[in-house]
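Notebook open, pencil ready. Here is what I looked up today, entry by entry.

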Amino acid sequence: MVGPPGAGKSLLASCLPGILPELTPAEALEVSMVSSVAGMLENGRISRARPYRAPHHSASIAALTGGGLRVRPGEVSMAHLGVLFLDELPEFQRQALDSLRQPLETGEVTVARANAHVTYPARVQLIAAMNPCRCGHLGDPALACSRAPKCAADYQSKVSGPLLDRIDLHVEVDPVRAADLALPPPADGSKEVAARVARARQIQTARLDGTPLRTNADLDGDLLEQHATPDEAGRTLLLQAAEAMRLSARGYTRILRVARTIADLAGARDIGRIHVAEALSYRRQAPRA
Ligand SMILES: Nc1ncnc2c1ncn2[C@@H]1O[C@H](COP(=O)(O)OP(=O)(O)O)[C@@H](O)[C@H]1O
Ligand SMILES: [Mg+2]
Ligand SMILES: [Zn+2]
């Protein structure tokens, strides 16, 4: 999420746990095993709530990915099967952020020790928030940033391109005006959205039954091809966009997974052009000047 201060980015992230499905018993066991290794299993009880971790931007590499004198799971493992929220993304140390690239790609993290390696699970949903530039007001006509465009370019370049490429949905969050708050609340609250998410997850669980995979995000290789090949019109659009946006192979497969999920949310069996188009609209564009 990119947007000016006060747009509601932190608020939105904190609402996310409220729309996620409960852990299955098997998942709850995995999560509790990580907590137990970290010495943080609360009075031995197994919770069905998805983990939600929001480390501060001063967090070290060891705190994020694990390690230290006594090897312990890091935040990315404590968030396994749940959400890792990085607020004020560019304020994190560059190396600490880059240490998350491997776990984001593979769903696990290996901590090197003098005489052994320890591997912890780390399959997370990463959510990040940032202001568009250091002073935060790029693009706001009333409070225009006086140092644009350098302010934004400097700030955004603190996060590496390869990390940003691993983020599937890039959304701009508009400032909230006082008049917006006076509007009637939207028809869809967290409860209604949670029901839609649960339905989409059920479709995925049924589709991946008999495989070790759980969600569309896990789809790869043959299974990706089998379950996430768009229809004719969708394929044509994707090929055109891949060319125009110069998508990497990684970007291409990531779009297929997102399009599969958008189609699942819509209850559509086939991935159509409209689903591909929406997935493409969330792809990161080059930073705006
Ligand atoms: N859509 C909204 N409806 C009601 N309150 C909001 C909304 N968006 C933001 N706020 C309130 O505005 C304040 C700033 O929001 P916050 O999430 O901290 O913004 P950001 O993280 O983008 O700087 C918070 O007190 C939050 O509760
Ligand atoms: Mg905030
Ligand atoms: Zn600025």
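**Entry 1: a word to settle first**

I call a residue buried when its relative accessible area is under 20%, exposed when that area is over 50%, and partly exposed in between. I also note that what I am looking at is a predicted model.

I found Leu81 in the loop between helix H4 (75–78) and strand E2 (83–86).

**Entry 2: two positive phi angles**

I stayed with Leu81 and looked up its backbone. Phi of Leu81 is near 65 degrees, which is a positive value in a residue that is not glycine. I wrote a reminder beside this: most residues other than glycine have a negative phi.

Glu88 also went on my list, with a positive phi near 55 degrees. Glu88 sits in the loop between E2 and helix H5 (94–98). Is Glu88 buried or partly exposed? Its relative accessible area is 29%, so I put Glu88 down as partly exposed.

**Entry 3: salt bridges**

How many salt bridges does a search of the whole structure find? I got 22.

I picked out Arg284 and Asp165, whose closest N and O atoms are 4.0 Å apart in a salt bridge. Arg284 lies in the segment after helix H14 (273–281) and Asp165 lies in helix H8 (residues 161–165), so this pair ties together parts that are 119 residues apart in sequence. I checked the cover on both partners: Arg284 is partly exposed at 30%, and Asp165 is partly exposed at 28%.

Next came Arg235 and Glu232, which meet in a salt bridge at 3.3 Å, N to O. Both belong to helix H12 (residues 232–244), and being 3 residues apart there, they are separated by about one helical turn. Arg235 is partly exposed, with 35% relative accessibility, whereas Glu232 is exposed, with 57%.

I also noted Arg269 and Asp270, with their closest N and O atoms 3.5 Å apart in a salt bridge. Arg269 is exposed at 70%, and Asp270 is partly exposed at 45%.

**Entry 4: a network, and Arg166 within it**

Which residues are linked in a network of salt bridges? I wrote down Glu105, Arg166, Asp168, Arg250, Arg254 and Arg283.

I looked at Arg166 in more detail. Arg166 is in the loop between H8 and helix H9 (178–181). At 13% relative accessibility, Arg166 counts as buried. Leaving out residues up to four places away in sequence, I find that Arg166 touches Arg101, Leu104, Glu105, Arg250 and Arg254.

**Entry 5: two helices side by side**

I reminded myself that two packed helices are described by the angle between their axes and the distance between the axes. For H12 and H14, I noted an angle of about 25 degrees and axes 7 Å apart. An angle under 35 degrees counts as roughly parallel, so H12 is roughly parallel to H14. On the H12 side, the contact is made by Ala233, Gly234, Leu237, Leu238 and Ala241. From H14 come Arg273, Val276, Ala277 and Leu280.

**Entry 6: a nonpolar patch**

I then turned to the surface. Leu29, Met33 and Ile46 form a nonpolar patch there, with about 300 Å² of accessible area together. Leu29 is in helix H2 (residues 25–37), and it is partly exposed at 45% relative accessibility.

Where does Thr65 lie? I found Thr65 in helix H3 (residues 61–65). Its relative accessibility is 7%, so Thr65 counts as buried. Setting aside neighbours within four places in sequence, Thr65 is in contact with Gly74, Val76, Ser99, Leu100, Pro103, Val109 and Val111.

**Entry 7: distances in sequence and in space**

Gly74 came up again when I looked at Ser248. The two are 174 residues apart in sequence and 30 Å apart in space, C-alpha to C-alpha. Ser248 lies in the loop between H12 and helix H13 (249–265), and it is partly exposed at 38%.

My last pair was Ala112 and Ser146. They are 34 residues apart in sequence and 46 Å apart in space, C-alpha to C-alpha. Ala112 is in strand E3 (residues 108–112), and it is exposed, with a relative accessible area of 53%.

Definitions and conventions:
Residues numbered from 1 in each chain as written. Chains lettered and ligands numbered in written order. Predicted model: local features only at pLDDT ≥ 70, side-chain atom pairs only at ≥ 80, totals over all residues. Heavy atoms only, no water. Salt bridge = Lys/Arg side-chain N within 4 Å of Asp/Glu carboxyl O. Helix = DSSP H or I, 4+ residues; strand = E, 2+ residues; numbered from the N terminus. Buried < 20%, exposed > 50% of the residue type's maximum accessible area, 1.4 Å probe, protein only. Patch = residues over 30% accessible without salt bridge, like charges linked within 9 Å, V, L, I, M, F, W, Y side chains within 5 Å. Areas by Shrake-Rupley, 256 points an atom, 1.4 Å probe, with all protein chains shown as cover. Axes fitted to C-alpha atoms, helices over the stretch in contact; angles between N-to-C directions. Parallel < 35°, antiparallel > 145°, perpendicular 65-115°, else oblique. Contact = heavy atoms within 4.5 Å.
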